[in-house]
Amino acid sequence: RFSSFRTSFSVGSDDELGPMSKKSEEESGKGDNAVNYGADVEDHRKRNLLRSLRRTTRKPTKLKPRLSLTKSNYFGVPLVAVVSNEKPIPIFIEKCIDYIETQGLSTEGIYRVSGNKSEMESLQRQFDQDNSLDLVEKDFTVNTVAGALKSFFSELPDPLVPYNMQVELVEAHKINDREQKLQTLKEILKKFPKE
């Protein structure tokens, strides 16, 4: 039935089927100037199927960190620059999580629904200027705070989970035995950089 399809669907024209062969014309009755409604419908179906299977020709692009107009002392810098021995968790993360836990646990899609981008940038700008910023006082929405928190992690120059550990974590997750999985995860976490 689909023997007339070409094997490559990467070309983006409507002429994927190409010209009909003489054998196809004879089978469909077009060689005798006869009207064959069923063949036209079948040809239309094949073309629609090809359109739906067509791949985009764009190459996947690697995500780049967001470039801000002003140089930040807190966002987009290595994690080591915003932590200390006394404060191993960045203040911004603590403030965001505290705010989300107190104000927004009943909010649907806390991390899934996007916050207002301009409000998230405003929150980051204000925090960059004053690390003692009170999020409750500023009356930001929960989704704005959650979005700013996600943005903090996405702007890190190095990922929170190092690239060389990502494959190991995925493989550990595939282990069915719960005890063995926990032991493997503990061993992988011990390999994480201390800084």
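Tutor: In this predicted model, helices α4 and α6 are roughly perpendicular to each other. Two packed helices are described by the angle between their axes and the distance between the axes. For helix α4, residues 117–129, and helix α6, residues 142–154, the axes come within 9 Å and cross at roughly 65°. An angle from 65 to 115 degrees counts as roughly perpendicular, and α4 and α6 are therefore given that description. The crossing in which α4 passes α6 is right-handed.

Consider next the residues that form the contact. From α4 come E119, M120, L123 and Q124, while α6 supplies T144, V145, G147, A148, S151 and F152. Sorted by class, the residues of this contact comprise five nonpolar, four polar and one charged.

Leaving aside residues up to four places away in sequence, V145 touches C96, Y99, I100, L123, L135 and F140.

Helix α3 also contains I91. Is I91 buried, partly exposed or exposed? Buried means under 20% relative accessible area and exposed means over 50%; I91 has a relative accessible area of 28%, so I91 is partly exposed. With residues up to four places away in sequence again left out, I91 touches Y74, F127 and N131. I91 and S132 are 41 residues apart along the chain, and their C-alpha atoms are separated by 8.7 Å.

A second pair of helices may be set beside the pair already described. Helix α7, residues 163–173, and helix α8, residues 178–190, pack at an angle of about 170°, with their axes 9 Å apart. That angle makes α7 roughly antiparallel to α8. In this contact M165, E168, L169, A172 and H173 of α7 meet K181, T184, L185 and I188 of α8. Its residues divide into five nonpolar, two polar and two charged.

Notes. Residues numbered from 1 in each chain as written. Predicted model: local features only at pLDDT ≥ 70, side-chain atom pairs only at ≥ 80, totals over all residues. Heavy atoms only, no water. Axes fitted to C-alpha atoms, helices over the stretch in contact; angles between N-to-C directions. Helix = DSSP H or I, 4+ residues; strand = E, 2+ residues; numbered from the N terminus. Parallel < 35°, antiparallel > 145°, perpendicular 65-115°, else oblique. Left-handed = near helix turned anticlockwise from the far one by under 90°. Contact = heavy atoms within 4.5 Å. Nonpolar A, V, L, I, M, F, W, Y, C, P; charged D, E, K, R; others polar. Buried < 20%, exposed > 50% of the residue type's maximum accessible area, 1.4 Å probe, protein only.
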